[in-house]
Amino acid sequence: MTIQVFGHKSPDTDSTGSPILWSWYLNEVQGEAATPVLLGEPNTEAAFMLTRWGFEKPAIIADVAADAPVVIVDTNNPAELPASINSADIRAIIDHHKLVGGLETKGPIDITVRPLACTATIMIDLMGEAAAQMPDNIKGAALTCILSDTLEFRSPTTTPHDRAVAEKLAAELGLDIPAYAAEMFAAKSDVSAFSDAELIRMDSKEYEVEGTSFRVSVLETTAPEIPLGRKDSLMETFKAVQAEDGVDQVLLFVVDILKEEATLLVPNDLVKTVAEKSFGATVTGDLVVLPGIMSRKKQIIPNLKL
């Protein structure tokens, strides 16, 4: 059976590109039939990557069949995976997030979780000498993933190794990193076609703090005025998203990539308390700017308090 390789729901660039990268390796180097799939529509930056490097959009799946062979990348959280994931035949996990627990496997598997900024960086390391065989489009996907997850090396999750791998890929492709990253971020910032609910869920993870469940959403952009211009309707839509997704509260952070800061929408006293206790902020209205906050994984999620 063909191995399905996929990342998390609400696929960003890494969860779109890394399945493509690892499927190439399994097919071309390991001789195992594999195909990348997605657990939702890719965001605008991920869609740019697919077009820029000549990939067809991978098939979108709603669930996995019992005993279907799969490789999980860019997550190890069952809440971000198909409902039937524990009935599948999980062959491997490749990730760079903290361990959550809850996955069950049919037997011993390969698990690689490393403190790097991007899954694609880990994959290139795992490939070893075989990484030299990557065609340009696979290299381009890997570079896009790394620049996305590191916000062109601005994110505090960036390691020297992520940067070195990205610079090597860019040199091999003859690309100027600042110019290419600007193209990527322009694509990411173009959210005009998305509804408020789609924006809230576009790059979003569920997280619980002291018994309160949150949908923690991040919009990374070079044009923060675009989503912030919709703040009233976004905050009104929080209520519908909360009801539909079964969470107590939405936290929406608009990350300004160039200014290296986040703006948190503050619709009520609960979010005001979160902003004040988590980030030491002083909240006086329905927005609060959080200087230096850029990473959900390293700066937002670990600091959430009530």
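Trainee: In this predicted model, which residues are linked with Arg-201 in a network of salt bridges?

Mentor: The network of salt bridges includes Arg-201. The residues linked with Arg-201 are Glu-206, Arg-215, Glu-244 and Asp-245.

Trainee: Is Arg-215 buried or exposed?

Mentor: Buried means under 20% relative accessible area. Arg-215 has a relative accessible area of 9%, so Arg-215 is buried.

Trainee: How many residues apart are Arg-296 and Asp-203, which form a salt bridge?

Mentor: The closest N and O atoms of Arg-296 and Asp-203 are 2.6 Å apart. Arg-296 belongs to helix α11 (residues 296-300), whereas Asp-203 sits in the loop between α7 (196-202) and β7 (204-209). The pair therefore links distant parts of the chain, and Asp-203 counts as buried at 11% relative accessibility. The separation is 93 residues.

Trainee: Which parts does the salt bridge between Lys-57 and Glu-41 tie together?

Mentor: The two side chains meet at 3.0 Å, N to O. Lys-57 is partly exposed at 42%, and Glu-41 counts as exposed at 52%. The parts tied together are 16 residues apart in sequence: the loop between α2 and β3 (59-60), and the loop between β2 (34-38) and α2.

Trainee: Against which helices do the buried residues of α2 pack?

Mentor: Helix α2 covers residues 44-52, and its buried residues include Phe-48, Met-49 and Leu-50. At the start of α2, a side-chain oxygen of Asn-43 comes within 3.2 Å of the backbone nitrogen of Glu-45. The buried residues pack against α1 (13-28), α4 (136-149) and α6 (177-189).

Definitions and conventions
Residues are numbered from 1 along each chain as its sequence is written. This is a predicted model: local features need pLDDT of at least 70, side-chain atom pairs count only at pLDDT 80 or more; totals for chains, interfaces and linings use all residues. Side-chain values use heavy atoms; hydrogens and water are left out. Buried means under 20% relative accessible area, exposed over 50%, partly exposed in between (1.4 Å probe, protein chains only). Helices (H or I, at least four residues) and strands (E, at least two) are DSSP runs, numbered from the N terminus. Contact means heavy atoms within 4.5 Å. A polar contact is a pair of N or O atoms within 3.5 Å; within protein, one must be able to donate a hydrogen and the other to accept it, and residues adjacent in sequence count only if both atoms are side-chain atoms. A salt bridge is a side-chain nitrogen of Lys or Arg within 4 Å of a carboxyl oxygen of Asp or Glu.
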